[in-house]
Amino acid sequence: MTETVRYEREGQVAVITVANPPVNALGHSVRQGLWRAIDRFAEDDAEVAVIVGEGRLFIGGADISEFGKPPAEPLLPDVCTHIEMSAKPVIAAVHGPALGGGCEVALGAHYRLAVEGARFGFPEVKLGLIPGAGGTQRMPRLTGIGPALDMIPAGGSVSAKEALEIGLIDRLEKGDPRAAGLAYAKELVEQGAGPRAVGALPRPEPDTQAVDAARALWQKKSKGEVAPLQAIEAVEAATRMDFEEGLREERRIFMGLMETPQRAGLIHAFFNDRRVAKLPEIEGVSPRGLDSVGVIGGGTMGAGIATACLLAGLPVTLVERDDAAADKARATITANLDAAVKRGKLDAARRDATLESLATVTDYRGLADCDLAIEAVFEDMAVKHDVFSKLDDVIKPGAILATNTSYLDVNEIADATGRPQDVIGLHFFSPAHVMKLLEVVVADATAPDVTATAFALAKRLGKIAVRAGVCDGFIGNRILATYRGAADRMILQGASPWQIDEAVKAFGLPMGPFEMSDLAGLDIGYMTRQRKAATRDHRDVVPVWADEMYHKGWLGQKSGQGYYVYEGRKGTPNDAVAPLIEHARAGHTQRSFTQQEIQRIYMAAMVNEAAKVVGEGIARRPLDVDVTLLYGYGFPRWRGGPMHWADAEGLSGILEDIRGWAQSDPYFWQPAPLLEELVAEGRQFNDLNKEAAQ
C-alpha cells in the first residue's frame, strides 16, 4: 500500500485514509492507493469500508502538479467506478472541502456523511472544464437536475447542511469524521445494508424549463466562455441517457474542452495567481508587524480601504478634515458592512463588532500608534505632500506610510518625508473592499521589509497583489491610457463610441472604454488630461469632444448623461455626443471599422504598451500584466490575460500590424523593443515568465 493511502481495520470496518498533505490531492499515488485499497477490501472479511481524509479536509481535488502532464492510470473516472462497483458498502466520511474530484470520489461511494463545516463543489468550469469523473451523471441522480444545474455550470459549492437538504449526502454529523464514519458503518452492519450504487439509480426526471433557463442564464453570464454551457449539456444528458452512456458523453465533452484555448487561458490564470507574489526581492524577508491601520480621507476610496481592513480584523483609525466629514465616512463604512450582511458575507453581530474597531478623528495625532497609514485623498501632488509631511511628524518610527495614488510619482511623494524607506504605493481599485487587485508600487528607496509587509497585507485582505514600479499610471492605468488612446484615434477615423464599446464587450470585457468613462466620471479623465497638458507631445490625440462634454456638465452616470443617457444605471447612447465628435473629426480621413478590426487595434495597443511596461521593468514579468488586467480591468479570465492572448494569437502577426499602422501614425504605433526582440528570437512572453521562475 502506498503511504499516501492507508488501509486499517477497526473490527468489521475497513478504514481507508487519504494522507497526501496539504490538501489530499488526487495525484497518481492517491488514485493508485484508493484502487488497491478497494481491492484489499474486496479480499478481506471487513463488512464495510469508510473513506476519510487526514488533516483539514477530505480530498481537495486534482493534483495541480500533474497539470499538463500525460495522464497515468488508474484515471479518476475509473477509480470512482471501482469504488462504486464494490460488492460491499463503502462510506465517504467528509470534512472540510470535497471539491472537484474529491466530490466525485464521495459520489462514487455508496453512502455519504459530512461533519459540520464540510463543503461539496465542482469548480471545474473555472479551469475551462466540466466534472470528468461522473459528477455530471451521479449528482442529478441523487438531487434531481435542478440543484446540479445550479452548482455545476457556476463552478459553485454547497455547505454540508445544503448538501443534506438537496439529497447529495445521507447524514450530517458533528465532531470527528472518522468517528462519525465508524459509527455509521456499524449501523449499516447491524442493518445488514448492502452497497447502493448511485449509478444504478434511475435517470433524473427531465426538466426542459430548467435546462432552458440555465442555458439562457449562462449565455448571458459567460460572455463567450464555453465550459458553463457544456456543463449544462452534460447534466442534461443524465436525463436522457443510461448511466454508462452518460459517462461516455461526459467524457467526450470533458476531453473536447481539454483541447480548447479557453482551458489553456484559465490554467495560465490559475497558476499566475500563485506565482505573482513570488518575488526574489522579498524571498526570506520578514514583514513588519501590522496590528492597526490609519486611513487618511473618508471618501469612496478611503471608506472602501477602511472597510477592507476592518473586515480583515484590523482596527482602523480614519482621519477626516472635520466632524461632519468624519460622520459621513462612518456612515459610508457602515453602509458597506450592511451590504456585506445582505450578501450573506457577514452576520449582524460581526458587523457590530467590526464597527467597534473603527475610530474616526479629525487630528493626525490620532494616528500616532498606527503600524500603517494609507492616504486616500485628492489626486494632487501638493495635497499628497501636505498629508505625508503631517504623517512624518506624528507617526511612530518604523510605521509604514502608503499612498493610494493612481498615477502620481511615489518617489516624489516619499520626498515629503524624512523616511523614504518606509513609503510605498498601495493602489487599491474601487470599490476597495470588493475589488481583488492591489498594485504594490515600490519606490526607489522602499525597504524590502516594507514591500514584504504590503504583500502580507494583501493576503490578509484577501487580495491579489502585483508588484509595480514607478511611472505615470504604474502597470494598469498606464496600459489603460494607451488602449483608451487607440479608441480615441478610432473615433477620429470614423468609429462611434458605442460601436467600440460593443466590439470590446464582444471580445469578453464587461464594459467598453466609453461605458467605463461614464462609470468613473468624465471629470476624472478631464483632470488627468489637464495634469498632463504641460508635458503632452504635440502629436498626441486629445479627445476634445470629451472636454466639451465635461464643460457641459455631462459627467457620466453621476450626472445622468455622458456617452450614454441614464435611467438609474441603465444607459442608452447619447445622440447629443455625435455632433461634438463630428466637429472633432474635421481634417481626419474617415473609414469604416468591422468589429474584428476594432478588437485587433484595441488589443494590439494594449499588448504593445504592456510590452513596454515589462521591458522597462515597471512590471517584472508578463504574468504581472496578465494578473493586473484580469483582476483590475475585467479582462476575460478565459483568455488568460493580454500577454497570454498575444502569445496564442502570435506575436509576429501583432508586430506586423503595429508596423503597418505606424506608416500613418508613427508616434502612437511605436513597436515596443521587447516585442521586436521576442519576435526576432522566435520567443514568447511566457518564456520570460519561465525564466523569471528559475
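Leu-290, Leu-372, Ile-400, Ile-424, Leu-426, Val-450, Thr-453, Ala-454 and Leu-457 line the largest cavity of this structure, which is a predicted model. The volume of this cavity is about 40 Å³, and the count of cavities of 30 Å³ or more comes to one. Two elements, strand 15 (423–428) and helix 17 (448–461), each contribute at least two residues to the lining. Helix 17 provides the largest share, with four residues.

Across the whole structure, 13 aromatic pairs are found. One of them joins Phe-67 and Phe-270 in a tilted arrangement, with 6.1 Å from centre to centre and 40° between the planes. This pair links distant parts of the chain, 203 residues apart: Phe-67 belongs to the loop between strand 3 (48–53) and helix 2 (76–84), whereas Phe-270 lies in helix 11 (residues 261–275). Phe-67 counts as partly exposed because its relative accessibility is 22%; Phe-270, at 15%, is buried.

Another pair, Phe-429 and Tyr-633, is edge-to-face because the planes stand at 80°, with the ring centres 5.5 Å apart. Here too distant parts of the chain are linked, 204 residues apart: Phe-429 is in the loop between strand 15 and strand 16 (437–441), and Tyr-633 is in the loop between helix 25 (622–632) and helix 26 (642–649). Phe-429 is buried at 7% relative accessibility, and Tyr-633 is buried at 13%.

Returning to Phe-270, ring pairs link this residue with Phe-67 and Phe-271 into a cluster. Arg-274 lies over the face of Phe-270, 3.7 Å from the ring centre. Elsewhere, Lys-221 lies over the face of Trp-218 at 4.7 Å from the ring centre.

Notes. Residues are numbered from 1 along each chain as its sequence is written. This is a predicted model: local features need pLDDT of at least 70, side-chain atom pairs count only at pLDDT 80 or more; totals for chains, interfaces and linings use all residues. Side-chain values use heavy atoms; hydrogens and water are left out. On a 1 Å grid over the protein atoms alone, a cavity is a set of points where a 1.4 Å probe fits but cannot get out, and a pocket is an open set with protein on both sides within 12 Å along at least five of seven lines; lining residues have an atom within 4 Å of a point. Grid points are joined across faces, edges and corners, and a volume is the space filled by probe spheres set on the points. Rings of Phe, Tyr and Trp (its six-membered ring) pair if their centres lie within 6.5 Å; planes under 30 degrees apart count as stacked, over 60 as edge-to-face and the rest as tilted. Buried means under 20% relative accessible area, exposed over 50%, partly exposed in between (1.4 Å probe, protein chains only). A charge sits over a ring if NZ of Lys or CZ of Arg is within 6 Å of the ring centre and within 35 degrees of the ring normal.
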